[in-house]
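Subject: Handover of a structure

Dear colleague,

Please find below the structure that I am handing over to you. I would be grateful if you could read the notes that follow it with the model open.

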Amino acid sequence: EQSWWILYTNRRANVPCRGVAWVHGTDIGIASSTDGGHYWTYRGIAQGLPFEPGLNSFWAPEIFWHGDRYHMYVSYVPGVPHTWHGPRHIHHYTSANLWDWTYQSRLPLSSDNVIDACVYPLPGGGWRMWYKDEAHHSHTYAAHSDDLYRWQMVGPVLTDFAHEGPNVFYWHDAYWMVVDAWRGQGVYRSPDAERWTYQGTILTDPGTRPDDSDMARHGDVLVQGEEAYFFYFTHPGRGSHPGRDDQETPPYEHKRSSLQVAKFESDEAGTLICRRDEPFDFALVTPNGSEQG
């Protein structure tokens, strides 16, 4: 199609329900853009994900191309629970076209409460997966694979505070990890994707753009040459007063989500920063190498 696709965690914001049932029973949504990421068209949901009966929950897809196929590592919660309790695992799928997915396996990780996979190649070879382990204080744990199919435990990586949504990328001669700290995005830097140094928290204050009136929540990073773009979501109806996700009957405005994008920069000290309100040139490169935007 010569277009960009974004696959994202769906929500059921307009469904009256109890507690956090609105974040469960969810599919992986798909939208595409042919103009460099300025205008997006909703396309439907990823096909082939259900592997057992019932209405179940899929979250936080981690997707990349390797060899001759796409790989997806997606969080899975059975059923539609109205609380945060219950098992959750990370499952592996593959696809040739981003639309039709083939089930591979459930990953044997550090507990039965793991979500939010991020996978990135290590400089010394092999692949590292970072994820949130809710059974271990909601810290980031890691596993390693040489072939993307068989995974071995590495253990805890970030244990200084509870968080979720680790995302790793290489940019400006360093490895970076951003995590959703529930008060903005925590930032870590590493020379080798093994040893991580905390650099502070960014995107804590609400922005001024439409629907950006909330702290930045669980996102993903796209690096294109010298530029790094952070795609994240907000609950614009919450603003600086987030409320509780698990209140008995949360109002629609507390559940509605919006996808945003901002540009990462680094200051003179080499620290990652993000000025979300400042205008920036935004031109995603199409698969044939041309820029649009």
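Predicted model: local features only at pLDDT ≥ 70, side-chain atom pairs only at ≥ 80, totals over all residues.

Residues are numbered from 1 along each chain as its sequence is written, and side-chain values use heavy atoms, with hydrogens and water left out.

Sheet and strands

Strands are DSSP runs (E, at least two residues) numbered from the N terminus, and two of them pair if DSSP finds at least two bridges between them. An open sheet is built from 3 strands in the order 1-2-3, with antiparallel pairing. Its edges are strand 1 (4-9) and strand 3 (41-45), each of which pairs on one side only. From one strand to the next the twist averages 25°, where axes are lines fitted to C-alpha atoms and angles run from 0 to 180 degrees between N-to-C directions. Strand 2 (residues 28-33) pairs with strand 3 in the antiparallel sense over 4 bridges, and S32 stands opposite T41 in strand 3.

Nonpolar cores

A nonpolar core is a set of buried Ala, Val, Leu, Ile, Met, Phe, Trp, Tyr and Cys residues joined through side-chain atoms within 4.5 Å. Buried means under 20% relative accessible area, exposed over 50%, and partly exposed in between (1.4 Å probe, protein chains only). The largest core has 17 residues, of which F169, F230, F264 and L272 touch the most other members. Two or more residues come from each of strand 12, strand 13 (174-180), strand 17 (227-234), strand 18 (258-266) and strand 19 (272-274). Apart from this core lies another, of 15 residues, among them W127, Y141, A143 and L148. Leaving aside neighbours within four places in sequence, F230 has contacts (heavy atoms within 4.5 Å) that include V178, L203, V221 and F264.

N167 and the cysteines

N167 lies in strand 12 (residues 164-171) and is buried, with a relative accessible area of 4%. Beyond its neighbours within four places in sequence, N167 is in contact with residues including C118, W176 and D220. A disulfide is a pair of cysteine sulfur atoms within 2.5 Å, and the count by this rule is 0. C118 is in no disulfide, its nearest cysteine sulfur being that of C274, 18 Å away. Both sites are buried: C118 has a relative accessible area of 1%, and C274 has 14%.

Aromatic rings

Rings of Phe, Tyr and Trp (its six-membered ring) pair if their centres lie within 6.5 Å; planes under 30 degrees apart count as stacked, over 60 as edge-to-face and the rest as tilted. The structure holds 23 aromatic pairs. The pair of F64 and Y73 is stacked, because the ring centres are 6.2 Å apart and the planes are at 20°. W171 and W176 form a tilted pair, with centres 6.4 Å apart and planes at 55°, and both residues are buried. One aromatic cluster is formed by F51, F58, Y76, Y93 and Y103.

Two loop residues

A193 has a positive phi near 65° although it is not glycine; A193 sits in the loop between strand 14 (185-190) and strand 15 (197-202) and is buried at 1% relative accessibility. D211, also not glycine, has phi near 65°. The loop that holds D211 runs between strand 15 and strand 16 (217-224), and D211 is partly exposed at 27% relative accessibility.

Yours sincerely
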